[in-house]
Structure formats: C-alpha cells, structure tokens
There are 2 protein chains.
Amino acid sequence: MPAADKPAGSLDELGEFALIEQITADLETSAAVRLGPGDDAAVIRPDGDVVVSTDTLVAGVHFRTDWSLAHEVGQRAVAQSVADLEAMGARPVALVAAFTAPGDLPAAWAKQCAQGMRLEAARSRSVLVGGDVTSGRDITITVTVLGDLQGRPPVIRGGARPGDVVAVCGRLGWSAAGLAVLRRGFRSPRAVVEAYKVPEVPYGQGVIAATAGATAMIDISDGLLADLGHVARASGVRVDLERERFTVPEPIQAVAAATGADPWSFLLGGGEDHGLVATFPDGAHLPADWHRIGGIAEGEPEVLIDGGLWSGESGWSHFGR
Amino acid sequence: MPAADKPAGSLDELGEFALIEQITADLETSAAVRLGPGDDAAVIRPDGDVVVSTDTLVAGVHFRTDWSLAHEVGQRAVAQSVADLEAMGARPVALVAAFTAPGDLPAAWAKQCAQGMRLEAARSRSVLVGGDVTSGRDITITVTVLGDLQGRPPVIRGGARPGDVVAVCGRLGWSAAGLAVLRRGFRSPRAVVEAYKVPEVPYGQGVIAATAGATAMIDISDGLLADLGHVARASGVRVDLERERFTVPEPIQAVAAATGADPWSFLLGGGEDHGLVATFPDGAHLPADWHRIGGIAEGEPEVLIDGGLWSGESGWSHFGR
C-alpha cells in the first residue's frame with residue numbers, strides 16, 4: 001500500500017513478501033534440487049560429500065552502485081562464492097542468498113540483482129534455491145553455495161608436494177587493473193573494467209583439475225602470491241614461480257602505462273578475478289586452459305619468483321589495512 | 001601492527017586473518033564434518049538429502065548492542081537459522097557464518113559473538129565449519145545452516161489435510177513480550193527479556209515430529225497466525241484454533257498488565273521464539289512436549305480462532321510496515 005513515506009517503486013512500497021515472490025517466480029531448477037524456495041528451507045540431493053562456502057559483498061566496501069549495475073553485483077556475488085567450490089574440485093549445485101538493503105532502495109535494483117544471481121548461477125550450472133531478505137542501512141549480499149564431490153576427495157590447500165608443477169587457469173590482474181582505472185575516474189580499457197565488475201570464473205575447471213590429479217588448489221581472491229602463500233603454508237612447501245612463464249595481457253599493459261603502476265603488481269598481487277591455481281604431479285598432463293607458471297620445492301613455506309621474494313603489493317586483508 | 005588510526009583492541013588492529021584464526025581455534029567437530037574451516041570451503045558427509053536455510057541479523061534492525069551481549073547475538077543468529085531446519089524435520093549438521101562489522105568494533109565483541117555461535121551450535125548438535133569476515137558500517141550476521149534428512153522426506157508447509165490436528169512445541173509470545181519490555185526501557189520480567197535475546201528453540205523436536213508422522217510444519221518466526229497462514233495457503237486448507245487450548249504464561253500476563261497490551265497479541269502475533277507448529281493426522285499420538293491447539297478443515301485458506309478472524313496485530317514483514 002503506497003504511502004507518503006514509502007517512495008514509489010521502493011522496497012518499502014513493494015514489501016518483503018512481494019519482493020520474494022517476484023524474485024523466485026519461474027526460478028530455474030535442476031535434478032539435484034528436491035525443493036526450491038517457498039518453504040522454511042530448501043532440499044537438495046547431492047552426489048557424494050557436500051562442499052559449502054559463504055561470501056559477502058557490502059556496498060561501499062566491495063562495490064559501488066555508481067560503478068556497477070545491480071545485475072553485475074548479483075553476478076559477482078555468485079561468482080566469488082562459486083569460485084571457492086571450484087577450488088575444492090567440487091561441482092556447484094545450489095545457492096542461497098541473503099539480501100539486506102535500505103527500504104528506500106528501488107525495488108528494481110533488488111530484482112535486477114537477483115536476475116544477475118540467476119544468470120551467473122546458470123553459468124556455473126547451479127541454481128538459486130532460497131534466501132532471506134532483510135532491511136539494513138547498506139546493501140549487503142551473502143551468497144552461500146553448495147556443491148558435491150561426486151565420490152572424489154576434495155582438493156585441499158595442503159596437498160602440494162615437492163616436485164609438483166604449479167599451474168593457473170583463468171585471469172590474473174584484470175580485476176585489480178579495472179579497479180585502478182575506476183578509482184582514477186576512467187571507464188576504459190573496458191575489458192578490465194568489465195572484469196572488475198563481473199569476474200570471469202573458469203567454471204567447470206575445478207572438477208577438470210581434480211580429475212586430472214591436482215594435488216592442491218585455491219581460488220585467487222587475495223592475489224596470486226597471497227593465495228599461493230596459503231598453499232605453501234598449508235602444504236609446508238616452497239613455491240617457485242618463473243616470471244618468463246607469464247605474459248602481461250595487453251589491457252593490463254595499457255593500464256600500467258596510463259597509471260604508472262607496475263603491471264606485475266596487478267598480475268601477482270591483484271585478487272578477485274577468481275581464477276584457479278593448482279599443483280599437479282610432475283609429468284601429469286595439464287588440462288587444456290591450464291598454464292604452467294612454476295613448481296613446488298622443499299623449503300620454507302614461501303612464494304619466490306625467479307628465486308627472490310616479490311617486494312610489491314601482495315594481497316588484501318579486511319580490517320587493519 | 002597498531003597505529004594511531006586503529007583503536008586498541010579493535011578489529012582493525014587485530015586484522016582479518018588473526019580474527020579468523022582466533023575464532024576457529026579448537027573448533028568443535030563431528031563425524032559428519034570431513035573438512036572444517038581453513039580451506040576454500042568446508043566438506044560434510046550428509047545422511048540422505050541435504051536441507052539448507054539462511055538468515056540474517058542486522059544491528060539496529062534485529063538487535064541492539066545496548067540490549068544484547070555479543071554472545072547472545074551469536075546465539076540468536078544460529079538459533080533462528082537452525083529453527084528453519086527443525087521445521088523441515090531435518091537433523092542440523094553444520095553451519096557457516098558471514099560476519100560483517102565496522103573496523104573500530106572491539107575484537108572482543110566479534111570473538112564473543114563467535115563463542116555464542118559455537119555454544120548455540122553445540123546445543124543444536126551442529127558445528128561451525130566456515131565463514132567469511134568483511135568490513136561494513138553495520139554489524140550484519142548471516143548464518144547458513146545445513147542439515148540432513150536421514151532418509152526421510154522433508155516435512156513441508158503444504159502437507160496439511162482436513163481432519164489433521166494442529167499442535168505446537170516451544171514458546172509463544174515470550175520474545176515479543178521481551179521486546180515490548182525493552183522498548184519501554186525496562187529489563188524485567190527477566191524471563192521474557194532473556195527469551196527475546198536468545199530464543200529457546202526446541203532442538204530435536206523437528207525430527208521427533210517428522211518421525212511421529214507430522215504432515216506439515218513451520219517454525220514460528222513471523223507469529224503463530226502469520227506462520228499458520230503460510231501453512232493454510234500452501235496446503236489449501238483452513239486452520240481452526242481453539243482459544244481454550246492455550247494458556248497465557250505468567251510472565252506474559254505480567255507484561256500485558258504492565259504495558260496495557262492484549263496478552264493474546266503476544267501469543268498469536270509475536271514471532272521470533274522460533275517454536276514449531278505442525279499438523280498431525282487425527283488420532284496420531286502427539287509426541288511429548290507437543291500441545292494440541294486446534295485442527296485443520298476444508299475451506300478458504302485462512303486461520304480462524306474460535307471460528308473468527310483475529311483482529312490484533314499478526315506477523316512482521318521487512319519493508320513496507
């Protein structure tokens with residue numbers, strides 16, 4: 001019921017239950033989904049052990065509504081959560097989304113965000129099965145994703161062994177370069193700006209890597225060096241990267257030239273592209289789309305590049321930056 | 001590294017990774033948990049189909065830090081999520097928590113909140129297996145809980161049939177009465193204030209009701225009438241409640257007398273105690289702790305009490321109140 005204090009087209013005017021109804025209308029489903037939204041909880045039928053991960057995006061912290069469209073924010077929320085499942089070698093199955101927003105937010109923003117979630121879920125071959133909608137000052141989106149292992153063990157961070165090969169799949173530094181561009185008030189090169197707004201997660205490659213015998217895997221969310229640092233510590237090994245095995249993509253060269261930044265800071269320190277980095281036994285046939293960037297050796301748990309420590313920026317931590 | 005702009009003892013001073021390390025130290029586990037926190041995702045081994053639900057608490061909307069202690073907020077966040085699983089007849093197994101807070105929040109608050117989550121998880125016989133920590137203006141906690149059905153079908157909202165008995169398990173109106181007290185600046189009767197701060201979910205009763213043949217079930221989060229309204233609509237039946245089958249608990253009588261409120265508005269309209277209401281076939285033996293409050297009949301999908309519509313306040317909706 002419209003009222004003076006409920007702006008036209010706002011969430012307040014639409015109401016919680018109508019919003020949920022509109023978001024969940026004609027929702028995609030799959031064979032693994034036994035019960036979708038509309039009850040107290042959803043029910044899925046997994047194949048093997050279940051993998052679960054949760055991730056949050058907060059307006060003003062992780063995204064800006066003047067930089068990203070609503071559907072892009074929804075896509076990114078799903079992509080970053082699903083990337084964690086890919087990194088375990090799991091098959092994404094279902095996701096639930098908790099959406100918090102101020103009552104004066106245009107309902108269209110919430111609906112387009114949900115559309116983006118559905119689109120990205122479809123890309124990852126998972127489906128939205130439930131959620132929660134609450135009011136709060138800042139738009140805050142938490143996506144929890146469930147997947148299954150289809151009888152395989154998970155690929156953990158601690159499985160890398162000396163002699164293994166280190167390989168990456170997906171983009172490095174594109175998102176960070178896009179953010180650097182936006183922070184300077186520019187909108188191009190468009191390829192990196194788009195990469196920042198919606199990361200291009202290499203869906204399906206987690207299962208492919210697991211099947212190919214990956215010994216350890218992680219998704220690159222904090223930056224290649226920071227995330228390989230997690231693998232090094234969990235596995236008790238040293239990671240040796242070789243700079244000559246990397247190529248600096250053209251749009252990152254362009255951003256570096258325009259901003260005066262070191263392009264390697266994007267490649268090695270930039271997170272949020274949510275590509276995958278994994279280790280494989282020496283001699284294993286690397287799957288297509290995976291590129292060797294180094295190897296694993298005995299030694300202190302650290303990440304070296306051409307035998308030395310990288311001195312540039314590496315990784316991101318919430319709080320205390 | 002302490003700095004002038006990082007208040008002593010704050011999240012900013014402690015840092016994201018140290019906080020996670022402290023929260024997850026010596027974490028409880030269970031046979032169903034194959035991999036807990038510390039990797040990209042957690043792994044559980046469910047027994048049968050998997051049930052999942054997500055719920056959010058926002059500071060200033062769902063709780064006030066001057067009313068509730070940190071560990072109480074953590075307990076409540078877990079309790080309200082697990083209640084949704086109970087309502088499906090599922091066994092709670094594992095939960096993940098997304099925690100957003102401003103960097104100047106005392107780290108002790110976050111740690112005590114996590115302690116509360118662990119305590120309440122233990123009460124519900126589930127364990128914390130992972131999460132996400134991010135910065136944001138308002139404390140926002142999203143708990144997603146996973147359970148399993150151990151070979152049973154889920155108990156959905158739409159299964160009530162004419163002739164069924166309606167029964168309730170757990171408290172009605174205590175939380176709403178507690179909130180009414182706090183809103184007037186009082187701290188007693190303490191029983192209802194405590195009930196508002198940490199709902200007493202009847203853990204294990206969902207599985208018991210399912211095993212006893214419950215045909216429909218829902219957790220009482222919006223208020224008894226509102227939630228039974230969901231059952232009535234999903235099942236296409238009328239719900240007939242009998243007022244004489246209810247008793248008004250002494251502390252609710254006290255709150256009603258002190259505030260001038262109708263005690264029935266607490267019992268019938270008050271949500272957030274997260275008790276369970278279910279329907280059972282006529283003649284079924286109701287489990288202990290379940291109390292008959294009415295029956296199911298053919299008719300318009302509505303909830304009547306003593307044959308009439310209740311005219312008091314019923315239920316809660318985010319946005320557009």
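This is a predicted model: local features need pLDDT of at least 70, side-chain atom pairs count only at pLDDT 80 or more; totals for chains, interfaces and linings use all residues.
**The interface of chain A and chain B**

In this model, 68 residues of chain A are in contact with 68 residues of chain B, and the area buried between chain A and chain B comes to about 5100 Å², with carbon and sulfur atoms giving 57% of that area. Across this interface there are 19 residue pairs in polar contact, both residues of each pair being at pLDDT 80 or more. On the side of chain A that touches chain B, the largest share, 8 residues, comes from strand S3 of chain A, which covers residues 50-58. Sorted by class, that side of chain A holds 31 nonpolar, 20 polar and 17 charged residues.

The rule also finds 8 salt bridges across the interface of chain A and chain B. One of the salt bridges joins A:Asp138 to B:Arg137, with the closest N and O atoms 2.7 Å apart.

| Residue | Relative accessible area | Class |
|---|---|---|
| A:Asp222 | 14% | buried |
| B:Arg157 | 15% | buried |
| B:Arg243 | 31% | partly exposed |

B:Arg157 lies in the loop of chain B between strand S6 (140-148) and strand S7 (165-169), and B:Arg157 counts as buried because its relative accessibility of 15% is under 20%. Its side chain makes a polar contact, at 3.5 Å, with the side chain of A:Asp40. Leaving out residues up to four places away in sequence, B:Arg157 touches A:Gly38, A:Asp39 and A:Asp40 in chain A, and in chain B its contacts include B:Met217, B:Ile218, B:His230 and B:Val231.

A:Asp222 is found in chain A, in the loop between strand S8 (216-219) and helix H8 (224-235). The UniProt record, an unreviewed entry, places the feature "binding site" at A:Asp222. With a relative accessible area of 14%, A:Asp222 is buried.

B:Arg243 sits in the loop of chain B that runs between strand S9 (238-241) and helix H9 (250-259). Because its relative accessible area of 31% falls between 20% and 50%, B:Arg243 is classed as partly exposed. Apart from its neighbours within four places in sequence, B:Arg243 is in contact with B:Trp264, B:Ile305, B:Asp306 and B:Trp310. Between B:Arg243 and B:Ala108 there are 46 Å in space, C-alpha to C-alpha, and the two residues are 135 residues apart in sequence.

Key:
Residues are numbered from 1 along each chain as its sequence is written. Chains are lettered from A and ligands numbered from 1 in the order in which they are written. Side-chain values use heavy atoms; hydrogens and water are left out. UniProt positions are given in the numbering used here, feature names are shortened, and annotations may be inferred rather than shown by experiment. Helices (H or I, at least four residues) and strands (E, at least two) are DSSP runs, numbered from the N terminus. Buried means under 20% relative accessible area, exposed over 50%, partly exposed in between (1.4 Å probe, protein chains only). A polar contact is a pair of N or O atoms within 3.5 Å; within protein, one must be able to donate a hydrogen and the other to accept it, and residues adjacent in sequence count only if both atoms are side-chain atoms. Contact means heavy atoms within 4.5 Å. Buried area is the accessible area (1.4 Å probe) that two parts lose on being put together, summed over both. A salt bridge is a side-chain nitrogen of Lys or Arg within 4 Å of a carboxyl oxygen of Asp or Glu. Ala, Val, Leu, Ile, Met, Phe, Trp, Tyr, Cys and Pro count as nonpolar, Asp, Glu, Lys and Arg as charged, and the others, Gly among them, as polar.
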